[in-house]
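Dear colleague,

Please find below the structure that I am handing over to you. A short account of the findings follows it.

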Amino acid sequence: MASFLALVGAVGIIGSLLFAGWQARALAKQVSFQATMNGVSTLHGVLSSLHNVQGYIAEDTSLVRHFAPERIKDPVVEADPAKVEMVAAMYVDVLNIGLYMLSAVPAASAESAWELYCRDLLTRSPALKAEVTGKPWGYPRLSRLAASLTPTSNKDVSPPPQREA
């Protein structure tokens, strides 16, 4: 009788351990899924902010030459310098926040598409580069990125496709 009870107890312990292992596996899947959702949520917030800033540029086409000179189609109209500085500050705020937020997402690669996007913008936009280099204390991640740029460091970032006329 004692050996039977010992066998029942052993089966109970083994069953309990198997159930605990299954729970741990299910929890790991749930944590992984939540991390992915956090990354998506982070990226969505950053892109929404970016779209808001780009809306100012779309509303006032005189700003285009300061932020996307390759997209100028019409004769250049001079933009208000104060407006250019303000939009540049908002733009680099979003870029810098995006770099911070994506660094907190474990699934993001060391050189993410966002970082490549930031490099490309800093290379092409004199207004953004001036804002970052003028206030390195305000945009620490972008300042480090801007300092690492050389004329050839952006060679693997292809320019956006040109629209056909």
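Helices here are DSSP runs of H or I with at least four residues, numbered from the N terminus. The model is a predicted one.

Histidine 66 is placed in helix H2, which covers residues 64–67. With a relative accessible area of 16%, histidine 66 is buried, since the cut-off for that class is under 20%. Apart from neighbours within four places in sequence, histidine 66 is in contact with Ala79 and Val84, and also with Ser125, Pro126 and Ala127.

Helix H4 comprises twelve residues, 113–124. At 1.5 Å a residue, H4 should span 16 Å, and the C-alpha atoms at its ends are 16 Å apart, which agrees. The buried residues in H4 are Trp114, Glu115, Cys118, Arg119, Asp120, Leu121 and Leu122.

Three aromatic pairs were found in a search of the whole structure. In the pair of tryptophan 114 and tyrosine 117, the ring centres are 5.6 Å apart and the planes stand at 45 degrees, so the pair is tilted; planes under 30 degrees apart would count as stacked and those over 60 as edge-to-face. Both residues belong to helix H4, where tryptophan 114 and tyrosine 117 are three residues apart, about one turn of the helix. An α-helix has 3.6 residues a turn, so residues three or four places apart point the same way. Tryptophan 114 counts as buried at 7% relative accessibility, whereas tyrosine 117, at 24%, counts as partly exposed.

With kind regards

Definitions and conventions. Residues numbered from 1 in each chain as written. Predicted model: local features only at pLDDT ≥ 70, side-chain atom pairs only at ≥ 80, totals over all residues. Heavy atoms only, no water. Helix = DSSP H or I, 4+ residues; strand = E, 2+ residues; numbered from the N terminus. Expected span 1.5 Å × (residues − 1). Buried < 20%, exposed > 50% of the residue type's maximum accessible area, 1.4 Å probe, protein only. Contact = heavy atoms within 4.5 Å. Phe/Tyr/Trp six-rings, centres within 6.5 Å; stacked < 30°, edge-to-face > 60°.
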